[in-house]
Amino acid sequence: MTTYAIIGSGAIGSALAERFHAAGVDAVIANTRGPASLQSITDKFGGTVKAVELDHALLSDVLILAVPYDAVPEVAKRKLSWEGRTIVDATNAIDFPAFKPRDLGGRLSSEIVAEHFPGAELVKAFNTLPAAVLAADPVKPSGKRVVFLSGNFPEASRKVSELITRLGFAPSDLGSFKASGSLQHFGQPLVALTLLKDG
């Protein structure tokens, strides 16, 4: 059975915990401060989403990075090799307080994130919806809310698409990082919209 971990307990991590719990999909959640700091989440979702130490969470098959972009290296340095792991990059390289995409010299943020996790198969997902929208019921009378994904590993993208479906969303695969280009960035008009898809 595939195991899931949410890495990070801020707005996006908490929203994902809400969706995992609502869908009845077991997961663990962790941050750098330890399980005691996650009591508010475990009190609410503890039957489905359990708080664990970060090093324990990193043993899961699928890891969702719900941390600030600049915190990615801190997570990555916990292991030398990430073979066999699927990393879901939910980060956004945003400059605050301007709230504008960071200048990465023409590179995509996920290409940079992937370099921190040698051996892992990385998929970009869960980064284009605001936390409040991500936490809300994705099933509407007109269809399901869309979650976009992109990645260079078809099997990993398939695995993440299945998770997105289990959480109640409609997955929309944009293809490889190069094919999806700037569409993977939060705030781009085509992907930041809260779209609905029949299904």
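D55 forms a salt bridge with R78, the closest N and O atoms being 3.2 Å apart; a salt bridge here is a side-chain nitrogen of Lys or Arg within 4 Å of a carboxyl oxygen of Asp or Glu. Because D55 lies in helix 3 (residues 54-57) and R78 in the loop between helix 4 and strand 5, the pair ties together parts that are 23 residues apart in sequence. The model is a predicted one, in which local features need pLDDT of at least 70 and side-chain atom pairs count only at pLDDT 80 or more, while totals for chains, interfaces and linings use all residues. Residues are numbered from 1 along each chain as its sequence is written, and side-chain values use heavy atoms, with hydrogens and water left out.

**Salt bridges**

Side chains of opposite charge can pair when their charged atoms come close. Across the whole structure, a search finds seven salt bridges.

| Salt bridge | N to O distance |
|---|---|
| D55 and R78 | 3.2 Å |
| K124 and D89 | 3.1 Å |
| R107 and E115 | 2.5 Å |

Burial is stated by relative accessible area: buried means under 20%, exposed over 50%, and partly exposed in between (1.4 Å probe, protein chains only). D55 is partly exposed at 44%, and R78 is also partly exposed, at 38%. K124 and D89, by contrast, are both buried. The salt bridge of K124 with D89 has its closest N and O atoms 3.1 Å apart. K124 lies in strand 8 and D89 in strand 5, so this pair ties together parts that are 35 residues apart in sequence. In the bridge between R107 and E115, R107 is partly exposed with a relative accessible area of 36%, whereas E115 is exposed at 53%. Salt bridges that share partners also join E155, R158 and E162 into one network.

**Parallel strands**

Helices (H or I, at least four residues) and strands (E, at least two) are DSSP runs numbered from the N terminus, and two strands pair if DSSP finds at least two bridges between them. Strand 1 (residues 4-7) directs Y4 and I6 one way and A5 and I7 the other, and all of these residues are buried. With strand 2 (residues 27-30), strand 1 pairs in the parallel sense over three bridges, and I7 stands opposite A30 in strand 2. Strand 1 also pairs with strand 4 (residues 62-65), in the parallel sense over four bridges; here A5 stands opposite L63.

Strand 4 in turn pairs with strand 5 in the parallel sense over four bridges, where L63 stands opposite I87. On strand 5, T86 and V88 point one way, I87 and D89 point the other way, and all are buried. Strand 5 runs parallel to strand 8 and is joined to it by four bridges, with I87 opposite L122.

**Aromatic contacts**

Rings of Phe, Tyr and Trp (its six-membered ring) pair if their centres lie within 6.5 Å; planes under 30 degrees apart count as stacked, over 60 as edge-to-face and the rest as tilted. By this rule there are two aromatic pairs. One of them is the edge-to-face pair of W82 and F117, at 4.9 Å centre to centre with 70° between the planes. The pair links distant parts of the chain, 35 residues apart: W82 in the loop between helix 4 (72-76) and strand 5 (86-89), and F117 in the loop between helix 5 (109-115) and strand 8 (121-125). W82 is buried at 0% relative accessible area, and F117 is likewise buried, at 2%.

The ring of W82 has a further contact: the charged end of K79 sits over it, 5.8 Å from its centre. A charge sits over a ring if NZ of Lys or CZ of Arg is within 6 Å of the ring centre and within 35 degrees of the ring normal.

**Helix 7**

Helix 7 has 13 residues and reaches 18 Å from its first C-alpha to its last, close to the 18 Å expected at 1.5 Å a residue; the expected span is 1.5 Å times one less than the number of residues. Its buried residues include A156, S157, V160, S161, L163 and I164. Seen down the axis of helix 7, the buried residues fall within an arc of 160°, so they line one face of the helix; the arc is that of the directions from the helix axis to the C-beta atoms.

T165 belongs to helix 7 (residues 154-166) and is partly exposed, with a relative accessible area of 42%. T165 and V147 are 18 residues apart in sequence and 9.2 Å apart in space, C-alpha to C-alpha. Just after helix 7, G168 takes a positive phi of about 100°.
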